[in-house]
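Please read it alongside the sequence and structure shown here.

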Amino acid sequence: MSDRKGSALLHKAAIFSLPFLISSCAALELAQRADDLELAVDLGKDFQSALQASESDGSDGDGNSSLPEGVSLLTEEELEARAVEQGSASYAGYAGLFVPTGENQNSIITAEADIIVDFSTNTVVADFDDWIGGRVDDNYNAIGTTGGAAKARGDISFENGLFTINGGDASFTGDVSGELTYKNDDYGIEGSLEGSIGSQNDGPESVAAVAASDAVITLNGEVVDDPDADFGFYGETID
């Protein structure tokens, strides 16, 4: 949803009713978060592909020799240097669950994400807050006037985040689990995430992670057998 359309929705809502105003505000938040979730998943998968490329090609010590064009990941040397020079770093962004539910119809549930990387212990901590659900098409555009935007109940947690070295580039894994209720449907995930710290096309430094192959996503207790179902989080460095 464009900013112009979003402003028109808010103006119209203010005229007619407070409930519609509230739902429109949620729709604007949903639209922004849908874009952020798409970025999180795409960035996480790019980092994941880069790590796999490094691993399959082997490492010559610089950690970047076999990465896809435009992607730069944190190397082992940089990870060790930051333990002394920086200690830790904070990142802010979003996390989200994407679940296909029909032809060109999907549910997304997103949250704000605060991520802290402790370089001295090689650990990653991620906290998620304020879950909002909605309906989007395959291009992450809200379906209908508000996209069904509404608060979701429950929580998803990320634990045991730990960096390892993968072909000269530093990657981390961690456990993800939890369940969220949106529009009387229960969405769950259990398994692991994998990610890294890096940048793309000289953009800001980011941390990103996506569901690993062992992660299982469920809808009302049933496994979602769709390759497009995913969970991810990302954050950009806080100055």
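Across the whole structure, a search finds 2 salt bridges, a salt bridge being a side-chain nitrogen of Lys or Arg within 4 Å of a carboxyl oxygen of Asp or Glu. The model is a predicted one, in which local features need pLDDT of at least 70 and side-chain atom pairs count only at pLDDT 80 or more, while totals for chains, interfaces and linings use all residues. Residues are numbered from 1 along each chain as its sequence is written, and side-chain values use heavy atoms, with hydrogens and water left out.

Glu205 and Arg82 form a salt bridge through their side chains, at 2.6 Å from N to O. This pair links distant parts of the chain, 123 residues apart: Glu205 is in the loop between β8 (185–200) and β9, and Arg82 is in helix α3 (residues 76–85). Helices (H or I, at least four residues) and strands (E, at least two) are DSSP runs, numbered from the N terminus.

In the salt bridge between Asp130 and Lys151, the closest N and O atoms are 2.3 Å apart. Here too distant parts of the chain are linked, with Asp130 in strand β4 (residues 123–136) and Lys151 in strand β5 (residues 150–151), 21 residues apart.

The table gives relative accessible areas; buried means under 20%, exposed over 50%, and partly exposed in between (1.4 Å probe, protein chains only).

| Residue | Relative accessible area | Class |
|---|---|---|
| Glu205 | 22% | partly exposed |
| Arg82 | 17% | buried |
| Asp130 | 26% | partly exposed |
| Lys151 | 56% | exposed |
| Asn201 | 59% | exposed |

Asn201 lies in the loop between β8 and β9. Its C-alpha atom is separated by 8.2 Å from that of Ser72, 129 residues apart along the chain.

The largest pocket holds about 220 Å³ of space. A pocket is an open set of points on a 1 Å grid over the protein atoms alone, where a 1.4 Å probe fits, with protein on both sides within 12 Å along at least five of seven lines; lining residues have an atom within 4 Å of a point. The volume is the space filled by probe spheres set on the points.

Its lining has 15 residues, and those nearest the centre are Ala215, Ile217, Asp226, Pro227 and Ala229. At least two lining residues come from each of α2 (18–57), β9 (206–211) and β10 (216–219). By class, the lining of the largest pocket has 10 nonpolar, 1 polar and 4 charged residues. Ala, Val, Leu, Ile, Met, Phe, Trp, Tyr, Cys and Pro count as nonpolar, Asp, Glu, Lys and Arg as charged, and the others, Gly among them, as polar.
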